[in-house]
Amino acid sequence: MSNIGKSTNILWHDCPIGQTERQKLLGQKGCVIWITGLSGSGKSTVACALSRELHYRGHHTYVLDGDNLRHGLNRDLSFKAEDRTENIRRVGEVAKLFADAGTICIASLISPYRRDRDACRALLPDSRFIEVFMDLPLELCEARDPKGLYKLARTGKIKGFTGVDDPYESPVNSEIVIKMEGGECPSPKAMAQQVLSYLEKNGYLQA
Ligand SMILES: Nc1ncnc2c1ncn2[C@@H]1O[C@H](COP(=O)(O)OS(=O)(=O)O)[C@@H](OP(=O)(O)O)[C@H]1O
Ligand SMILES: Nc1ncnc2c1ncn2[C@@H]1O[C@H](COP(=O)(O)OP(=O)(O)O)[C@@H](O)[C@H]1O
């Protein structure tokens, strides 16, 4: 018996059907592809393009998108630092369950703090956490501004907006970095292909 968090007398219960058995059934390795970057950097676009490519190739995926999760699981959280930390912690735990289920889980959240992302990485041993850094300039993200949020942040109508008056800590050890090439942002298909190639090369697309 051990004490976990605020619970006492907690014992882990194992099941005979585990991750290995589920992976065999699905013909893939359960993992988490964690896409981090500024608002407007293309996180959701890569997540959806990658999910589509994998799905067409017969792989089981699930996208956990920051915006969408804030409609339900994380609807009680704001954008202050401690709530962003709790947001990432919860999504890291959910993503871990998806990976344990054998799914290729694609999480796309700003996740601005290095410590929070690293805590999610620590939840997933055996290289099952693959960080994708959308290393695109703030100027590009701001020029895109599909939701008009940068404009609201610049005029002070939104406070604490990432990249404007709230921090973004760039990753230093991401498995995959998506960046400008020859002054241009790669197409969504090319960005997805970059991740797909990594998964293929490193054996994630077989059990
Ligand atoms: N203050 C502030 N800062 C940053 N982003 C804001 C803010 N307020 C609202 N939004 C919108 O919320 C989306 C980011 O949610 P996340 O859960 O990914 O953020 S975080 O990881 O907790 O930082 C983000 O979506 P994306 O543009 O898809 O990144 C914004 O549309
Ligand atoms: N590779 C790309 N090339 C051109 N436009 C893109 C690309 N990726 C994303 N976009 C556009 O940029 C905007 C922001 O993309 P989105 O995926 O919503 O970013 P995020 O999820 O990081 O906020 C959208 O209008 C999207 O269509």
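Helices (H or I, at least four residues) and strands (E, at least two) are DSSP runs that are numbered from the N terminus. By that numbering, α2 gives the largest share of the shell around ligand 2, namely 3 residues. The model is a predicted one, in which local features need pLDDT of at least 70 and side-chain atom pairs count only at pLDDT 80 or more, while totals for chains, interfaces and linings use all residues. Residues are numbered from 1 along each chain as its sequence is written, chains are lettered from A and ligands numbered from 1 in the order in which they are written, and side-chain values use heavy atoms, with hydrogens and water left out.

**Ligand 2**

- Around ligand 2 there are 15 residues, of which Gly40, Lys43, Ser44, Thr45 and Pro186 come nearest; a residue is near a molecule or strand if one of its heavy atoms lies within 4 Å of it.
- Two helices, α2 (43-56) and α8 (188-201), each supply at least two residues of this shell.
- By residue type, the shell around ligand 2 consists of 6 nonpolar, 7 polar and 2 charged residues. Here Ala, Val, Leu, Ile, Met, Phe, Trp, Tyr, Cys and Pro count as nonpolar, Asp, Glu, Lys and Arg as charged, and the others, Gly among them, as polar.
- A polar backbone atom of Gly40 is 2.7 Å from an oxygen atom of ligand 2.
- Side chains also approach ligand 2: an N or O atom of the Lys43 side chain is 2.8 Å from an oxygen atom of the ligand, and an N or O atom of the Ser44 side chain is 2.8 Å from an oxygen atom of the ligand.
- On its own, ligand 2 has 560 Å² of accessible area, and the protein covers 71% of it. Accessible areas come from the Shrake-Rupley method with a 1.4 Å probe; for residues, only the protein chains shown count as cover.

**Ligand 1**

- Ligand 1 is surrounded by 19 residues, and the closest are Ser39, Lys43, Arg84, Asn87 and Ser111.
- An N or O atom in the side chain of Arg84 is 2.8 Å from an oxygen atom of ligand 1.
- Backbone atoms face nitrogen atoms of ligand 1 as well: a backbone N or O atom of Gly160 lies 2.9 Å from one, and a polar backbone atom of Thr162 is 3.4 Å from one.
- The protein covers 92% of the 620 Å² of accessible area that ligand 1 has on its own.

**Annotated domain**

- An unreviewed UniProt entry carries the annotation "domain: APS kinase" for residues 29-179. UniProt positions are given in the numbering used here, feature names are shortened, and annotations may be inferred rather than shown by experiment.
- Over residues 29-179 the chain is 40% helix and 18% strand, with the end C-alpha atoms 27 Å apart.

**Gln28 and His59**

- Gln28 has its place in the loop between α1 (19-26) and β3 (31-36), whereas His59 lies in the loop between α2 and β4 (61-65).
- Gln28 is buried, with a relative accessible area of 0%, and His59 is buried at 12%. Buried means under 20% relative accessible area, exposed over 50%, and partly exposed in between (1.4 Å probe, protein chains only).
- The side chains of Gln28 and His59 make a polar contact of 3.1 Å. A polar contact is a pair of N or O atoms within 3.5 Å; within protein, one must be able to donate a hydrogen and the other to accept it, and residues adjacent in sequence count only if both atoms are side-chain atoms.
- A polar atom of the Gln28 side chain also lies 3.0 Å from the backbone nitrogen of His60.
- Neighbours within four places in sequence aside, His59 is in contact (heavy atoms within 4.5 Å) with Gly27, Gln28, Leu54, Ile104 and Leu205.

- Ser108 lies in strand β5 (residues 104-108) and counts as buried at 2% relative accessibility.
- The side chains of Ser108 and Asp65 are joined by a polar contact of 2.8 Å.
- Ile88 is found in helix α4 (residues 81-100) and is buried, with a relative accessible area of 2%.
- Ile88 and Leu109 are 21 residues apart in sequence and 8.0 Å apart in space, C-alpha to C-alpha.
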